[in-house]
Amino acid sequence: MSEAENKKYQSNRRDFLKKATLFGLGSAMGTTLLGRPAQAATRTIFPDGPVLRKPFGRSGIKVSTLSMGGMYDIMNNRLMLAKALEWGIDYWDTAEMYGGGRSEEGIGSWFARKPETRKRIFLVTKLSPRRGADFASRLDACLNRLNTDYVDLFLVHGISSIDEITPELKSWSLEMKKAGKIRLFGFSTHSNMEECLEGAARLPWIDGIMFTYNYRLMHEPRMKAAVEACHKAGIGLTAMKTQGGGPVKKDTDAEMKMAGRFMEKGFTDYQAKLMAVWQDKRIASICSQMPNLTIMAANAVAALNKTALSASDRALLARYARETCGDYCAGCGRICLQAVHNRVPINDIMRCLMYARSYQDFTLARSTFQMLPDETGALLDRLDFRAAERSCPRNLPIERLMKDATTLFA
Ligand code: SF4
């Protein structure tokens, strides 16, 4: 940094800190994918009404625009579920693999105590095909843990190719709908999302998709077209990973400026990123991991915020996305996978790192890593990732990050 740049940075930093104090913002430590410490500002203000509702694709079922993702297995989480209902957050998301079934059990114990609330909840669970093809008995086990007869939306968990949605799954989904065990069917995807969405738009029996979508990806031409195709096909769309990898750092002039600018308007950069996605009218809901009441309140306040991001706010976010592009794995797994001859799912490992470093959720990071093929840990240590690194359009330091993953997970 030159002396002039340093002066500008220091002045913006002072300005930012002044605003943070003025707006009463606390700070929570976070870490980026690359492992650098970062600060995220949060404001504990409670929502003054229920969050908005939107139709979920052609199903017409209205869902809350904010969806509860995360773990609900301890007493404290029951308080969160009660608050979620009070604030109108009645789209609840879980999966067989979250906490090895404990997340579903937590929701099940809620329904055991409050059976009258079941009909108010749009309930989602997911099964990963990587854990086996026996979906029928596994779905029954999910329903048992959830203490319910049906889920509103069933998702095939974490596909990376539309070919994973087989004709057999189509027949199974129709059978389950007939049996009343699922109302809607679809998939979630963190990997090769554009390709999965393009394929889904051609399958009229896909009702819903949960996919990685944020201020970094929403401007990419292929992503824009894929979202439009699904929207036109009447598929209900839920965005996840909307923070685009972690909190905004305060390392550079552009970062300080951005954080300060949103604070002046009365919200944090964390909330601004959610608002950018909500402004895309094709997205029915945002699924957000909300591990505590402070984060849930901040998200609900953002969902109610009537202040739209201006064109220049959105441009600032887009500029920030460009400037920090090398800090974020975009899930285009096919590219780096080819470079290691399909031997190590690099983008899945990047996601594990994101869970561990940005979300500070080691349980989720480890359980996701354990879902990867058995030989992954050993290969991480042996393989040369330089070709993968050269192929990455975002110039991510894959070699170093795979070493970090070996230390953390293998
Ligand atoms: S590491 Fe690079 S090529 Fe691989 S999925 Fe991430 S952004 Fe794409």
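Let me start with a word you will hear a lot: a residue is buried if its relative accessible area is under 20%, exposed if that area is over 50%, and partly exposed in between, using a 1.4 Å probe and the protein chains only. One more: helices (H or I, at least four residues) and strands (E, at least two) are DSSP runs, numbered from the N terminus.

Hello everyone. What you see above is a predicted model, where local features need pLDDT of at least 70, side-chain atom pairs count only at pLDDT 80 or more, and totals for chains, interfaces and linings use all residues. Residues are numbered from 1 along each chain as its sequence is written, and side-chain values use heavy atoms, with hydrogens and water left out.

Let's begin with the strands. When I say that two strands pair, I mean that DSSP finds at least two bridges between them.

Please find β10, residues 208-212. Which of its residues point one way, and which the other? Gly208, Met210 and Thr212 are on one side, Ile209 and Phe211 are on the other, and all are buried. Because five of the five residues of β10 are buried, the strand is largely enclosed by the rest of the structure.

The partner of β10 is β9, and these two run parallel over four bridges. To see one of those contacts, look at Phe187, whose bridge partner in β10 is Ile209. Strand β9, residues 182-189, is mostly covered as well, with seven of its eight residues buried. On to β8, residues 151-156: five bridges join β8 to β9, again in the parallel sense. Here Leu153 stands opposite Leu184 of β9.

Now for β12, residues 285-289. Four of its five residues are buried, so β12 is largely enclosed by the rest of the structure. Strand β5, residues 66-69, runs parallel to β12 and is joined to it by four bridges; Met68, for instance, has Ser288 of β12 as its bridge partner. Strand β11 is parallel to β12 too, with two bridges between them, and Thr238 stands opposite Ser285 in β12.

Next, a few loop residues. Asn147 sits between α4 (135-146) and β8. Its phi is positive, about 60°, although Asn147 is not a glycine. Is Asn147 buried, partly exposed or exposed? Partly exposed, with a relative accessible area of 43%. Lys241, in the loop between β11 (236-240) and α8 (253-264), also is not a glycine and has a positive phi, near 55°. Lys241, however, is buried, at 14% relative accessible area.

Tyr215 is in the loop between β10 and α7 (221-232), and at 1% relative accessibility it counts as buried. Tyr215 and Leu274 are 59 residues apart along the chain, and their C-alpha atoms are separated by 8.5 Å. Lys281, in the loop between α9 (269-278) and β12, counts as exposed at 63% relative accessibility. How far apart are Lys281 and Lys54 in sequence and in space? They are 227 residues apart in sequence, and 9.4 Å apart from C-alpha to C-alpha.

Now two helices. The expected span of a helix is 1.5 Å times one less than its number of residues. Helix α3, residues 102-113, has 12 residues and should span 16 Å; its end C-alpha atoms are 17 Å apart, which agrees. The buried residues of α3 are Ser103, Glu104, Gly106, Ile107, Gly108, Trp110 and Phe111. Helix α11, residues 311-323, has 13 residues and reaches 18 Å from its first C-alpha to its last, close to the 18 Å expected. Its buried residues include Asp313, Leu317 and Tyr320. In general, an α-helix has 3.6 residues a turn, so residues three or four places apart point the same way.

Last, the ligand. Which of the 13 residues around the ligand come nearest? They are Cys329, Ala330, Cys332, Cys336 and Cys392. The elements that give two or more residues to this shell are α12 (333-339) and α13 (346-357).

Terms used
Near = heavy atom within 4 Å.
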